[in-house]
Amino acid sequence: MKTEEDYSNKSDIELIQLSIEDPEYFGIVMSRYQEKLFWYVKRISYFSNEDIEDILQEVLTSAYRNLNEFDEETKFSSWIYRVTHNQVIDAIRKSKRQNENSYDELSEHDTQFFLSASVDLEEKILSDDCLKRARTAIKNLPMKYRDVMVLRFLEEKTYEEIMDILKKPKGSVATLVSRGRESLKKELKKLKIDCL
């Protein structure tokens, strides 16, 4: 059985090429992204941990099935995030519960980082009550802004990576980030979150 340690010196692309002959290699490359993708889905959706595991299983299956569509000119990380993003959107559409509890389990650290990164609130400490209200503000963002803000500020993706993941031009990504910041500021003001 192949393990990550045995192939830690191999790049994602090398493992993808080996995956064509042996699916175990694909499992190795996916193990590099498992935790990151879990938190990405958690941050942009309302799904339980069990549902996220199911979604990630679908991502694994779908990605392997469509491996021939992977363009080696693109980073594998951007491609797998795009596959994951599409699976989440499909799951949201199927469940028709888009507005329920999107950020209930957003960690205190994530909320503080998200707010400081997107509203320039470094050096501020949030009280428990304020954190709860801030999560509500983030949850209230439209999905198109929530998604791009999570990718940019929590996943720390570059504009180019976000372009690859969302299949949008750079100008559109920049606009979504800018509008997402403004929407978040308005939500914070509407919820009277001034404890920052």
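The legends below describe several close-up views of one predicted model.

Residues are numbered from 1 along each chain as its sequence is written. Because the model is predicted, local features need pLDDT of at least 70 and side-chain atom pairs count only at pLDDT 80 or more, whereas totals for chains, interfaces and linings use all residues, and side-chain values use heavy atoms, with hydrogens and water left out.

**View 1. The chain as a whole contains 10 helices and 0 strands.** Helices (H or I, at least four residues) and strands (E, at least two) are DSSP runs, numbered from the N terminus. Of the 196 residues, 46% count as buried, where buried means under 20% relative accessible area, exposed over 50% and partly exposed in between (1.4 Å probe, protein chains only).

**View 2. Phe26 sits in helix 2 (residues 23–31).** With a relative accessible area of 2%, Phe26 is buried. Beyond its neighbours within four places in sequence, Phe26 is in contact with Ile16, Ser19, Leu60, Ala63, Tyr64, Leu67 and Phe76, contact meaning heavy atoms within 4.5 Å. The C-alpha atoms of Phe26 and Ile16 are separated by 6.2 Å, although the two residues are 10 residues apart along the chain.

**View 3. Asp12 and Arg32 form a salt bridge, with their closest N and O atoms 2.8 Å apart.** Asp12 lies in helix 1 (residues 12–19) and Arg32 in the loop between helix 2 and helix 3 (34–44), so this pair ties together parts that are 20 residues apart in sequence. A salt bridge is a side-chain nitrogen of Lys or Arg within 4 Å of a carboxyl oxygen of Asp or Glu. Asp12 is buried at a relative accessible area of 16%, while Arg32 is partly exposed at 22%.

**View 4. Glu161 forms a salt bridge with Lys75, the closest N and O atoms being 2.9 Å apart.** Because Glu161 lies in helix 9 (residues 159–166) and Lys75 in the loop between helix 4 and helix 5 (76–95), the pair ties together parts that are 86 residues apart in sequence. Glu161 counts as buried, at 10% relative accessibility.

**View 5. Glu182 and Lys185 meet through their side chains in a salt bridge (3.6 Å, N to O).** Both residues lie in helix 10 (residues 170–190), where Glu182 and Lys185 are 3 residues apart, about one turn of the helix. Glu182 is partly exposed, with a relative accessible area of 39%, and Lys185 is likewise partly exposed, with 38%.
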